[in-house]
Amino acid sequence: MAVEALGSTPRVRVAPWNDPVVRGWVFQIVVVGLVGALAWYLVSNTMENLARQKIASGFDYLGREAGFEIGDTMIEYSPASTYARAIWVGILNTLRVAVLGIILSTILGTLLGVGRLSPNWLLAKICEWYVEAFRNVPLLLWLFLFYKLISEAFPGPRQAISALWSSVFLSNRGLYFPVPMADPIHKWMAVALLVGILGAILLHRWAKKRQEVTGQPFPSISAGIGVVLGLPILVWLAAGAPSSMSWPALTGFNFEGGMVIQPEFTALLVGLVLYTSAFVAEIVRSGILALHKGQSEAAMALGLSRGQAMRLVLLPQALRVIVPPMTSQFLNITKNSSLAIAIGYPDLVASINVTINQTGQAIENVLLIMAAYLTVSLSISAFMNWYNKRISLRER
C-alpha cells in the first residue's frame with residue numbers, strides 16, 4: 001500500500017468544464033474561431049460586392065504607369081514611372097520628415113526641458129511659455145500658420161532674395177542653393193561616412209572604458225566628429241577632389257539647377273519639430289525631477305559645474321525614465337506626418353490618394369498605408385525597447 005508523503009494534498013479529479021485550464025483553452029479557441037469567421041465573412045462579402053460592381057481588385061495596378069507628377073522626390077521619378085515607384089517616393093518622403101523630426105525635436109526638447117529647470121527666471125519662463133503655447137494648440141493649425149508665413153512672407157522667384165554672391169536664392173517657391181554634380185565617388189564617400197560613424201561609436205566606447213580604468217577623460221566627441229567628417233573628405237581628396245557644381249539659375253518663372261528645399265517640406269518639418277519638442281521638454285523635465293536631489297548635490301560637492309552635473313550625472317540617470325515616454329513621441333511624429341497632405345507635401349498619404357483617384361482601388365491602397373505606418377512604427381518601437389533594455393539597471 002502506497003503511503004502518501006507527509007503534508008501532501010491528494011489531487012481531486014474535476015470535470016473538464018470545471019477545470020480552469022481547460023476552460024481557458026476552450027474560450028481562446030472559440031474567440032479565435034469567431035474572429036477568423038468574422039474576417040472571412042468580411043473579406044468574402046467585400047470581394048463579392050467588388051465583383052458585382054465590376055470594380056477591379058488585387059495589386060496588379062502597381063506595375064502600371066502612374067501618369068502624375070510628384071514635386072519633391074528623393075529618387076528618380078517621372079510620370080512614366082509605375083504606381084509602385086510613386087508610392088515608394090511617398091514612403092521615402094515620409095521617412096525623411098520623420099527621421100529629421102525625431103532628431104531635431106529630441107535636441108530642441110532636451111534644451112527646453114533643461115531650460116525650464118534653469119535658475120534664470122527669464123529663461124525658465126520663456127521655456128514654460130513655449131511649452132504651454134505649442135502643447136495647447138492643434139498641430140494642424142500650426143502647419144497652416146507656418147505654411148502661410150513661408151508662402152506669403154517671401155517674394156516670388158523673379159524678386160527672390162539672393163545671398164552668398166547670388167548663389168543662394170530664397171523665394172516663396174523654396175530655398176535654392178548649389179550642390180555638387182553627381183559623381184561616382186559620392187557613393188564611396190557615403191560608405192566612408194558610415195564607416196566613420198561606426199568608428200566614432202567604437203572610439204566613444206574605448207574612451208569610456210579608458211576613463212573608467214585610468215580616470216583620465218578623452219575628447220571622444222570632438223575626435224568622433226573628426227573621424228566622421230574626415231574619412232569622406234579623405235576619400236574625396238583621393239579621387240582628385242571633383243568640384244563640379246550645379247548652380248541654381250532663374251529660367252522662365254522658376255529656378256532650375258541646384259537643390260531646393262520646398263516650403264511645404266519646411267512648414268511640415270518646422271511644425272512637427274516645434275510641436276513635438278514641447279512634449280519632449282516636459283518628458284525631459286519630469287525625468288530630471290524624478291531623480292533624488294542628492295544626486296545634484298553630490299555632483300556640486302565634487303566640484304562639477306551645473307553644465308557638467310547635468311551632462312555627466314543627471315541626464316544619464318534620467319535617461320532610464322525618459323526613454324519609454326519618448327518612444328510614444330517618436331511614434332507620434334511618424335504618424336502626425338500624415339497631416340502633410342493638408343499643406344500639399346507629397347508624402348505617402350498624398351501619393352496613395354492620387355493613386356486611389358486614378359485606379360479606384362481604395363481598399364488595397366488603404367491597406368498599403370496601414371502596412372507602411374505599422375512597419376515603421378513597430379521598427380521604432382523595437383529599437384527603443386532594445387535601447388531601453390540596454391540602459392536599464394540589472395538586478396543582481
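## A partly exposed lysine and its partner

Lys 148 is partly exposed, because its relative accessible area is 49%; here buried means under 20% relative accessible area, exposed over 50%, and partly exposed in between (1.4 Å probe, protein chains only). The structure is a predicted model, in which local features need pLDDT of at least 70, side-chain atom pairs count only at pLDDT 80 or more, and totals for chains, interfaces and linings use all residues. Residues are numbered from 1 along each chain as its sequence is written, and side-chain values use heavy atoms, with hydrogens and water left out.

The side chain of Lys 148 meets that of Glu 152 in a salt bridge, at 3.6 Å from N to O. A salt bridge is a side-chain nitrogen of Lys or Arg within 4 Å of a carboxyl oxygen of Asp or Glu. Both Lys 148 and Glu 152 lie in helix H4 (residues 139-153), four residues apart, about one turn of the helix. Helices (H or I, at least four residues) and strands (E, at least two) are DSSP runs, numbered from the N terminus. Glu 152 counts as exposed, because its relative accessible area is 56%.

Arg 116 forms a salt bridge with Glu 282, and here the closest N and O atoms are 2.5 Å apart. This pair links distant parts of the chain, with Arg 116 in helix H2 and Glu 282 in helix H7 (residues 263-289), 166 residues apart. Are these two residues buried or exposed? Arg 116 counts as buried, because its relative accessibility is 18%, and Glu 282 also counts as buried, at 15%. Take a look at Arg 285 as well: Arg 116, Glu 282 and Arg 285 are linked in a network of salt bridges.

## Aromatic pairs

A search of the whole structure finds 13 aromatic pairs. Rings of Phe, Tyr and Trp (its six-membered ring) pair if their centres lie within 6.5 Å; planes under 30 degrees apart count as stacked, over 60 as edge-to-face and the rest as tilted. Tyr 176 and Phe 255 make a tilted pair, 5.1 Å centre to centre with 40° between the planes. Tyr 176 lies in strand E3 (residues 174-177) and Phe 255 in strand E7 (residues 254-256), so the pair ties together parts that are 79 residues apart in sequence. Both Tyr 176 and Phe 255 are buried.

The rings of Trp 206 and Phe 218 have centres 5.2 Å apart and planes at 85°, so this pair is edge-to-face. Trp 206 is in helix H5 and Phe 218 in the loop between H5 and helix H6 (220-238), twelve residues apart. Trp 206 counts as partly exposed, because its relative accessibility is 44%, and Phe 218, at 30%, counts as partly exposed too. Elsewhere, Phe 59, Tyr 61, Phe 68, Tyr 77 and Tyr 83 form one aromatic cluster.

## Surface patches

Now to the surface. Patches are made of residues with over 30% relative accessible area and no salt bridge: like charges are joined within 9 Å, nonpolar side chains (Val, Leu, Ile, Met, Phe, Trp, Tyr) within 5 Å. Accessible areas come from the Shrake-Rupley method with a 1.4 Å probe, and for residues only the protein chains shown count as cover. Val 99, Leu 100, Ile 103, Leu 104, Ile 107 and Leu 111 form a nonpolar patch with about 530 Å² of accessible area together. Leu 111 is found in helix H2 (residues 83-116) and is exposed, because its relative accessible area is 59%.

A positive patch is formed by Arg 205, Lys 208, Lys 209, Arg 320 and Arg 390. Lys and Arg count as positive and Asp and Glu as negative, while His and the chain ends are not counted; the place of a charge is taken as NZ of Lys, CZ of Arg, CG of Asp or CD of Glu. Which helix gives the largest share of the positive patch? Helix H5 (residues 185-214) does, with three residues. Arg 205 is found in helix H5 and counts as partly exposed, because its relative accessibility is 45%.
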